[in-house]
Amino acid sequence: MSNSRKCPECAESIGTEVAVCPYCGSRLTINAATTVSGQPSFFNPVVASLWSILLTPAFGAYIVRKNWQSAGETAKAQTASLWFWGVLISSLILLFFWMFSAWLLILPVWFFCQARPQMKFLRDKYPMSPRRSSVKPVIIGLVIYLGVCFCASWMLGNEPIMDCSSRDAFQESCVDVIAYLAEEGKELEAKEFTGTFTDADWERVKDLDRAVNRLGILAIYGNGEDVQELDGMTPDEVVIYFKQQERR
């Protein structure tokens, strides 16, 4: 039975009973990344890949990085870290703009560049290695994911309202509503890249463009009855208003 194992953080050889790595100072547990026999254990990259569909590829990138560290593959772990931070930042940006479908573009790229090679590596080099439970990282990932969704909903979910109490208030509310509608238009247009863009989406984009253009004109030249009719309207009500005007 081997009395040594590799530190999952710095890959130096240490004793199986060591609680703190003498080389990098990392706090270790005997059964977390390595069994008592010295055989490393790994998270299942297949499970991580499946959960990445919901939790974004950042979750899978984190799991892949931890597995490379457990295997003592320092260079590959560093590459996985770059993927993790890159995918995390990209996923957060997409999440805050509610562009969920765009994750489907990132996921296959990450999978074939990172997850699939690791699956082959573990199958060839560690076919009998024990698997670490994915329950804890999945729960943590879900908590973080729901927290970010809540923040995004809170920040972007407060719809602006048209305010026609004064000329300045009207122009300011026009800017807010135009920005709100433009973000929705960007989200719909992004669906073209995933092949999920429907005829209804196309009609909605045209309605949004019409409302944005009309509001822009009114913000500069509008006055009188046209302006007052918009008072208190939500972005959706503004879209419907200009759509009905088009039909008259």
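Q: By how much are Lys206 and Glu203 separated in helix α7 (residues 199–221)?
A: Lys206 and Glu203 are three residues apart in helix α7, so about one helical turn separates them. Helices are DSSP runs (H or I, at least four residues; strands are E, at least two), numbered from the N terminus. This is a predicted model: local features need pLDDT of at least 70, side-chain atom pairs count only at pLDDT 80 or more, and totals for chains, interfaces and linings use all residues. Residues are numbered from 1 along each chain as its sequence is written, and side-chain values use heavy atoms, with hydrogens and water left out.

Q: What joins the side chains of Lys206 and Glu203?
A: A salt bridge (a side-chain nitrogen of Lys or Arg within 4 Å of a carboxyl oxygen of Asp or Glu) joins Lys206 to Glu203 at 3.2 Å, N to O. Lys206, at 34% relative accessible area, is partly exposed, as is Glu203 at 38% (buried is under 20%, exposed over 50%, partly exposed in between; 1.4 Å probe, protein chains only). Salt bridges with shared partners also link Glu184, Arg204 and Asp236 into one network.

Q: How many salt bridges does the rule give?
A: The count is seven. Among them, Lys125 pairs with Glu73, with 3.9 Å between the closest N and O atoms. This pair links distant parts of the chain, 52 residues apart: Lys125 in helix α4 (residues 103–125) and Glu73 in the loop between α2 and α3 (74–96).
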